Amino acid sequence: MRYRLFALFDWSCFNCGHFMDLIQDHNVPQALGGRLVPGNIVILCRACNQRKADRDPESFYSPAKLDALRSLLLREVELFDFQFDQRRWGSDPVGYLLELGVYRERIEQSEQVKAAIRD
């Protein structure tokens, strides 16, 4: 899901467009009641994250950026609307995880996947 989240933001800082040192930011800061939940996560570089600090989105982003962000946050909610498919997991756990965007290296390291394949 992290891969898909970063891909939603084109692997760049939403505010300045830089591609390095990216982190997840609370759109509505924790200090203002925001939580790290789908629909409130923005990808920013560390520098923009530090400049934004505990400011509300309206005081940090331009009106045009806010419009673009609203659209992304709606898509983010859809992205995280996930239902585990027990049938797919049971028939092909590796294929299922690959479809979900899990890196093959992580799958190969997972004891739970190894156990599911053995069963």
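Asp-25 and Lys-52 are both buried, and their side chains meet in a salt bridge with an N to O distance of 3.2 Å. This pair links distant parts of the chain, since Asp-25 belongs to strand S1 and Lys-52 to helix H2 (residues 46-52), 27 residues apart. The model is a predicted one, and the distances and areas reported here are to be read as computed from it.

**Salt bridges**

| Salt bridge | N to O distance |
|---|---|
| Asp-25 and Lys-52 | 3.2 Å |
| Arg-70 and Asp-67 | 2.9 Å |
| Glu-99 and Arg-88 | 2.6 Å |

Arg-70 and Asp-67 both lie in helix H4, and because they are three residues apart there, about one helical turn separates them. Arg-70 is partly exposed, as its relative accessible area is 44%. In the salt bridge of Glu-99 with Arg-88, the closest N and O atoms are 2.6 Å apart; this pair again links distant parts of the chain, with Glu-99 in helix H6 and Arg-88 in helix H5 (residues 86-91), 11 residues apart. Glu-99 has a relative accessibility of 53% and therefore counts as exposed, whereas Arg-88, with a relative accessible area of 16%, is buried.

**Aromatic pairs**

A search of the whole structure finds seven aromatic pairs. One of them joins Phe-9 and Phe-14 edge-to-face, with 6.2 Å from centre to centre and 90 degrees between the planes. Phe-9 is buried at a relative accessible area of 3%, and Phe-14, at 11% relative accessibility, counts as buried too. Phe-14 also forms an edge-to-face pair with Tyr-61, where the centres are 5.4 Å apart and the planes make an angle of 75 degrees. Because Phe-14 lies in the loop between helix H1 (2-8) and strand S1 (22-26), while Tyr-61 lies in the loop between helix H3 (57-60) and helix H4 (63-80), this pair ties together parts that are 47 residues apart in sequence.

**The chain as a whole**

The chain has eight helices and two strands, and its elements run α-β-β-α-α-α-α-α-α-α from the N terminus on. Its radius of gyration is 17 Å, well over the 14 Å that the globule rule gives for 119 residues, so the chain is more spread out than a compact globule. Along the principal axes, the C-alpha atoms fill a box of roughly 55 × 25 × 25 Å. Of the 119 residues, 34% count as buried. Among contacts in the chain with a separation of 6 or more, 50% are accounted for by residues 24 or more positions apart.

**Surface**

The accessible surface of the chain comes to about 7,700 Å², and 52% of this belongs to carbon and sulfur atoms. Tyr-3, Trp-11, Phe-19, Met-20 and Tyr-103 make a nonpolar surface patch of about 600 Å². Within this group, Tyr-103 is found in the loop between helix H6 (93-99) and helix H7 (104-109), and its relative accessibility of 44% means that Tyr-103 counts as partly exposed.

Terms used:
Residues numbered from 1 in each chain as written. Predicted model: local features only at pLDDT ≥ 70, side-chain atom pairs only at ≥ 80, totals over all residues. Heavy atoms only, no water. Patch = residues over 30% accessible without salt bridge, like charges linked within 9 Å, V, L, I, M, F, W, Y side chains within 5 Å. Areas by Shrake-Rupley, 256 points an atom, 1.4 Å probe, with all protein chains shown as cover. Salt bridge = Lys/Arg side-chain N within 4 Å of Asp/Glu carboxyl O. Helix = DSSP H or I, 4+ residues; strand = E, 2+ residues; numbered from the N terminus. Buried < 20%, exposed > 50% of the residue type's maximum accessible area, 1.4 Å probe, protein only. Rg over C-alpha atoms; globule rule 2.2 N^0.38 Å. Contact = heavy atoms within 4.5 Å. Phe/Tyr/Trp six-rings, centres within 6.5 Å; stacked < 30°, edge-to-face > 60°.
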